[in-house]
Amino acid sequence: MSLTRAQVEGIARLARLQITEEQLPVYVDRLSRIIDFVEQLSAAKTDDVEPMAHPLAGQVQRLRADEVRETDQHEKYQRNAASVAAGLYLVPKVIE
Amino acid sequence: MHTLTVGEIAAGLAARRFSSVEITRHLLGRIERLGAGLNAFVTVTAERALQDAREADARLARGEGGPLTGVPIAHKDIFCTDGILTTCGSRMLDTFVAPYDATVVARWRSAGTVLLGKTNMDEFAMGSSNETSFFGPVRNPWDPARVPGGSSGGSAAAVAARLAPAASGTDTGGSIRQPAALTNLTGLKPTYGRVSRYGMIAFASSLDQAGVLARSAEDAARLLGAMAGFDPRDSTCVDSPVPDYHGALAVPLEGLRIGVLREFFDKGLDPRVGRLVRAAIGALEERGASVREVSLPHLPLSVPTYYVVAPAECSSNLSRFDGVRFGHRCEKPRDLLDMYERSRGEGFGDEVKRRIMTGTYVLSAGYYDAYYLKAQKVRQLIAGDFARAFAEVDVVIGPTTPTAAFELGAKTSDPITMYLNDIYTIGANLAGLPAVSVPCGFVREGDRELPAGLQLIGPHFGEARLLGIAHQYQLMTDWHRRMPPGYE
């Protein structure tokens with residue numbers, strides 16, 4: 001196993017994913033296999049190779065004028081939210 | 001009526017041999033009778049389809065129809081459709097009604113197509129068998145015990161079973177070409193940036209591209225033309241003119257330089273599939289193409305490279321699913337952290353969670369250089385291999401997949417076994433190249449005939465040439481016309 005149980009618990013915490021107690025050993029096994037598999041990249045000679053930043057050479061980020069183009073549709077967009085009041089998204093209390 | 005191609009439907013509608021409402025009703029009837037057994041659709045939009053069809057008939061009657069007016073199509077459920085459920089194959093979005101149309105959806109709609117429904121897919125497009133869908137696996141019309149491939153498996157099954165003449169798909173590591181190969185379709189992944197991804201739910205943003213699953217290169221050309229082009233809403237979409245793909249189909253094979261990819265004929269390749277691909281290459285050679293072998297020495301590293309880059313980008317893209325603005329939220333969260341962790345833990349399936357965690361790991365402090373940066377360097381080497389090959393040949397060629405369709409459940413216990421199924425398709429995504437899978441024959445498994453695919457990969461923006469070669473091949477073969485038994 002290239003990853004320990006504690007490491008996988010740490011990754012799950014970083015990724016904000018609940019993994020159940022019974023599922024955890026399965027994740028340790030599968031993720032270890034994936035990391036072992038991608039480990040073979042370390043053998044590739046990459047001295048002086050620039051990491052790829054974009055699949056097409058010479059692309060630059062386009063910019064546009066900072067002007068209002070969209071109309072306010074928050075009611076439509078908020079229809080997909082779990083909890084909304086007065087145009088605001090509701091979440092559990094953050095500050096006691 | 002259901003065996004007609006897009007081109008034949010357009011001609012039939014123009015000549016008033018049938019109406020769009022008639023063919024739409026016919027296909028909706030087939031979806032109702034045959035669709036459930038395949039599990040090809042997540043949502044059938046019958047009312048919307050008939051409304052689209054009536055509008056198309058009115059336009060045709062006024063003489064205002066275009067080449068796709070009134071042609072029924074289906075969209076992979078990764079594309080946002082205004083007012084229609086858009087699930088991405090996930091519990092996370094099982095009640096998400098998109099508030100706008102993806103550009104691909106809007107373009108096909110403004111071209112006059114009729115939306116039959118949204119097709120099933122691997123969850124968030126992560127899978128090669130359609131078994132990771134929250135809505136259950138899709139079955140292959142050629143053998144219901146086998147997978148249709150993935151992640152665009154619902155689109156593939158629907159088009160192969162003659163429930164729709166064509167459908168959209170997306171391809172991050174082979175998700176259009178691999179299902180096309182496994183279901184006897186023509187599947188095109190365009191150049192990175194050729195088609196807008198606005199409204200296409202993101203998986204791995206340096207790899208994702210939208211494309212087409214159709215029953216011929218000719219149909220794929222028609223549909224790509226109506227899909228491609230600049231869109232200011234997608235910052236990665238390239239601002240270059242869209243050629244007349246359909247008009248370019250007639251280019252002869254004489255003088256074409258084909259490179260046979262040595263690394264694709266490896267020990268993992270089913271020798272029967274290898275023989276079919278060799279025969280197809282022979283047929284192209286007989287028509288005047290010159291054939292030589294090319295080697296892409298770094299290509300065997302494409303799968304491990306992909307499984308660093310794609311999970312890294314997915315862990316970032318899928319952080320937006322936090323249970324706040326859209327998507328699943330758990331019951332009675334104790335606090336904010338509990339809400340994030342349980343909403344995401346419940347909303348995502350195992351494969352998605354594995355990839356998010358792999359990505360989180362390879363991007364985390366202390367591992368970034370060893371994994372992510374290293375993978376982006378190897379990716380540069382792979383892209384360089386392709387660039388060198390295209391200095392000598394016009395296209396490279398090989399199989400699309402190592403084997404024909406495998407059985408449901410055959411590869412679900414080991415992620416690596418599943419990942420290796422995309423060994424021939426991933427290279428094109430890493431290098432941002434266009435590629436097409438074309439039917440090239442059948443292998444027998446028991447009492448079933450299973451299709452195999454020939455893959456052509458071209459230089460950036462070489463779609464027209466790829467489709468032209470595929471079309472010439474389809475003029476001299478009839479593999480692409482074969483229909484799965486029971487769906488004729």
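Figure 1. Ala167(B) sits opposite Leu213(B) of strand 6 in chain B. Strands count as paired if DSSP finds at least two bridges between them. Helices (H or I, at least four residues) and strands (E, at least two) are DSSP runs, numbered from the N terminus.

This is a predicted model, so local features need pLDDT of at least 70 and side-chain atom pairs count only at pLDDT 80 or more, while totals for chains, interfaces and linings use all residues. Residues are numbered from 1 along each chain as its sequence is written, with chains lettered from A and ligands numbered from 1 in the order in which they are written.

**Figure 2. Both faces of strand 6 of chain B.** Strand 6 (residues 210-214) of chain B is largely enclosed by the rest of the structure, because five of its five residues are buried. Buried means that 20 or more other C-beta atoms lie within 10 Å of the residue's own; exposed means 12 or fewer, partly exposed is in between, and C-beta atoms are placed from the backbone. Ala210(B), Val212(B) and Ala214(B) cover one side, with Gly211(B) and Leu213(B) on the other. In a regular strand, side chains alternate between the two faces of the sheet.

**Figure 3. Helix 8 of chain B.** Helix 8 (residues 271-286) of chain B has 16 residues and spans 22 Å from first C-alpha to last, close to the 22 Å expected at 1.5 Å a residue (1.5 Å times one less than the number of residues). Its buried residues are Val273(B), Leu276(B), Val277(B), Ala280(B) and Leu284(B). The buried residues pack against strand 7 (257-261), strand 9 (395-399), strand 10 (435-445), strand 11 (448-457) and helix 15 (463-476) of chain B. After helix 8 comes Gly288(B), with a positive phi near 110°.

**Figure 4. Where chain B meets chain A.** Chain B puts 53 residues into the contact and chain A puts in 40 residues; residues are in contact if their C-beta atoms, placed from the backbone, lie within 7 Å. On the chain B side, helix 9 (302-317), helix 10 (336-347), helix 11 (350-363), helix 12 (369-392) and helix 13 (415-419) each supply at least two residues. Helix 12 of chain B gives the most, with eleven residues.

**Figure 5. The chain A partner.** Chain A has three helices and two strands, in the order α-α-α-β-β from the N terminus. Its radius of gyration is 23 Å, whereas a compact globule of 96 residues would have one near 12 Å; the radius is taken over C-alpha atoms, and the globule rule is 2.2 Å times the number of residues to the power 0.38. Buried residues make up 19% of the 96 residues in chain A.

Methods:
Two residues are in contact if their C-beta atoms, placed from the backbone, lie within 7 Å.
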